[in-house]
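Here is my note on the model, point by point. Please keep the structure open as you read.

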Amino acid sequence: MDFNVKKLASDAGIFFTRAIQFTGEKFGQVEKTELDAHFENLLSRADSTKNWTEKIFRQTEVLLQPNPIDNTGSRIEEFLYEKLDRTVPSRPNNEELLGHYMQDAAKDFGPGTPYGSTLIKVGDCERRLGSVQREFLQTSAIGFLTPLRNFLEGDWRTISKERRLLENRRLDLDSCKARLKKSKLAESKAAAVPDFQETRPRNYVLSASASALWSEEVDKAEHELRVAQTEFDRQAEVTRLLLEGISSTHVNHLRCLHEFVEAQTAYYKQCHLHMQDLQKELDSSNGDVFPNAFAGNPGHSMASGGSSPLDPASAVETDTLKIEEVQAPATGTRKAKVLYDYDAADTSELSLLADELITVYTVPGMDSDWLVGERGNQKGKVPVTYLELLS
């Protein structure tokens, strides 16, 4: 192995000089070259971009894979396949596994039984939800997570490397400034010619010799300062260009964020459609076997309360239903907790505040997506999706 002692000694000397300069700056004993305000703003903006990008990236990973501890083995396997440059084998997600279990259970219980046939329908819906989620995860990983990871592992590493190099160049520059200042101070002291009548001739000669030596040292220090200033200016320009590229990074991340929102919107929309289809399929079955928890059979409810069924002529459509004239049924009312704030679209609806409790019930002719809600003497339609029905 080629062991260069001179280079090792030179590197050690540079490191020691930088350490002295850095320590002196911390104690306020030496001067420090300050960067201009625009450059400082670029540095601050870059640091904020890195910190928030890292937090958003980590939290998005948690959102897409909420239980990383349970999937430790899977992640290790994915890491090995990535290092071996091989395709990761496809594995079922939680929704798909649930769908498989439900359909296997239906085969055991009997697909012709009410419970077995329902398990088949719900299991098929869960498998479709799992397929939709798989597509959403792939789209989000490619369109959103990958650009953020590329910035953190690529661009930011380059910026950090150049910033460290710039800091070293600045320490070298300030060390040269301090050395030149000391050399000039020593030269001025040596240049002070002593009185020949009061000083021995030998000291007079030594003083002149010292003055020449310090003059040479000043010339050397000025040359080193010019070289250090050139290297610092060059490195500052390189770092400035990289920092100004953060604006392009913001534009790129903005586009990726829009794509992520579009993917998330499509995902929830598809999930909602699948669940609506499942609910309609179950509602179309026998009402005695598959009771609807959100909208019971009006005739059955009234009959159980001892009252006669409502006149069919009174079952008006939702758009002409007068909520203020609707009376709460003797049975079938429930308490509900409001999940989100809701602003009424018209006078027939009731505005809601998150976490409040209201009384809800169904009326004939109303869409299953709506309930009648009461709060004190206020009454109006409320969307089911904004409520958590309590027992």
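1. Of the chain's 391 residues, 28% count as buried. Buried means under 20% relative accessible area, exposed means over 50%, and partly exposed lies in between (1.4 Å probe, protein chains only). The chain exposes about 25,900 Å², and carbon and sulfur atoms supply 55% of that. Accessible areas come from the Shrake-Rupley method with a 1.4 Å probe; for residues, only the protein chains shown count as cover.

2. A word on sources. This is a predicted model: local features need pLDDT of at least 70, side-chain atom pairs count only at pLDDT 80 or more, and totals for chains, interfaces and linings use all residues. Residues are numbered from 1 along each chain as its sequence is written, and side-chain values use heavy atoms, with hydrogens and water left out.

3. The chain has 8 helices and 5 strands. These are DSSP runs numbered from the N terminus: helices are H or I with at least four residues, strands are E with at least two. Along the sequence the pattern reads α-α-α-α-α-α-α-α-β-β-β-β-β.

4. Now the contacts, meaning heavy atoms within 4.5 Å. Take those in the chain with a separation of 6 or more: residues 24 or more positions apart account for 69% of them.

5. Look at helix α2 (residues 37-64) and helix α7 (residues 246-283). Their axes come within 12 Å and cross at roughly 20 degrees. Axes are lines fitted to C-alpha atoms, for helices over the stretch in contact, and angles run from 0 to 180 degrees between N-to-C directions. α2 and α7 are therefore roughly parallel to each other. Angles under 35 degrees count as roughly parallel, over 145 as roughly antiparallel, 65 to 115 as roughly perpendicular and the rest as oblique.

6. Which residues of α2 and α7 make the contact? On α2 they include Arg-45, Ala-46 and Thr-49; on α7 they include Ile-246, Ser-247 and His-250.

7. Gly-130 sits in helix α5 (residues 114-191). Gly-130 is buried, with a relative accessible area of 0%. Leaving aside neighbours within four places in sequence, Gly-130 is in contact with Asn-93, Glu-95 and Glu-96. Gly-130 and Leu-98 are 32 residues apart in sequence, and 9.1 Å apart in space, C-alpha to C-alpha.

8. Is Asp-343 buried or exposed? At 66% relative accessibility, Asp-343 counts as exposed. Asp-343 lies in the loop between β1 (334-338) and β2 (357-361). Leaving aside neighbours within four places in sequence, Asp-343 is in contact with Glu-349 and Ser-351.
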